[in-house]
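Colleague: I am new to this structure and would like to learn how to read its inner spaces and its aromatic rings. Could we go through them together?

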Amino acid sequence: MRHGVLFSVFALTSFSFGADSVPDLKPQMLVKKEMMLEDSFSKPLAADWKVAKGSWVVENGSITGKELAADMHGAVMRRDMVGDCYIIQAEVQLNGTKAISFSFNYAKGHLGRVRLTPKGVVLSKDDQDGKKGPDKAEVIGKLDFAFQQETWYTVMIEVHKKEMIVQLSDKVVYGSHEKLDQKTANFGLTVAGESAKYRNLKVWQAEIDPTWEKKRAKFQK
């Protein structure tokens, strides 16, 4: 079973995204608890990050990821993070990249991801048993959005078991899938193609908003 829906949150303000402008995005499904991780990427990369593929360079208060042709794979770096209820917020720039993603992995491999392309946002359940197995990746939510190069955008991702919500500007996209209901073991940042930047990454432990059961219906329409 999968669900996906997109709508504007009129209670939010439409934001301009200058270099120093960070919109006050508010969680829709969850309530922030303890902060698990905060990394501005203004200092050398912490040892907790594991670079798997590509080039990752910290400079000028952000980290730039680039795919390397020799890798024949997008740039990837990962960090351990255990949980099934959390909020991620970061600022991103898409500068020539085909796509970036926030990927979520569990003990057995890929779980799901939030993918940002120059044309929008895609929520998906990943292929969880490899190329030879019957399971396939599935799109569970989509948002059309025109990213401008050399411009910072703030994205907020809420994950609770089988459900995900992503906010970007005054737009919100929701998706769910039964096979996402696994504890995350680690998450990754990826870049496909030429270049993209991340900065001001924050991750909070969270708990379900007491009003979520009443609010869920509008996201599922």
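Modeller: On a 1 Å grid over the protein atoms alone, a cavity is a set of points where a 1.4 Å probe fits but cannot get out, and lining residues have an atom within 4 Å of a point. Grid points are joined across faces, edges and corners, and a volume is the space filled by probe spheres set on the points. This is a predicted model, in which local features need pLDDT of at least 70 and side-chain atom pairs count only at pLDDT 80 or more, while totals for chains, interfaces and linings use all residues. Residues are numbered from 1 along each chain as its sequence is written, and side-chain values use heavy atoms, with hydrogens and water left out.

Colleague: What volume does the largest cavity have, and which residues line it?

Modeller: The largest cavity has a volume of about 70 Å³, and its lining consists of D84, Y86, F104, L111, V159, K161, M164, L180, Q182 and T184.

Colleague: How should I read the aromatic pairs?

Modeller: Rings of Phe, Tyr and Trp (its six-membered ring) pair if their centres lie within 6.5 Å, and planes under 30 degrees apart count as stacked, over 60 as edge-to-face and the rest as tilted. By this rule there are 11 aromatic pairs. The pair of W49 and F187 is edge-to-face, because the ring centres are 5.8 Å apart and the planes lie at 75°.

Colleague: Is W49 buried or exposed?

Modeller: Buried means under 20% relative accessible area, exposed over 50%, and partly exposed in between (1.4 Å probe, protein chains only). W49 therefore counts as buried at 5%, and F187 is buried at 0%.

Note on methods: 1 Å grid on protein atoms, 1.4 Å probe; cavity = no way out; pocket = protein on both sides within 12 Å on 5 of 7 lines; lining within 4 Å.
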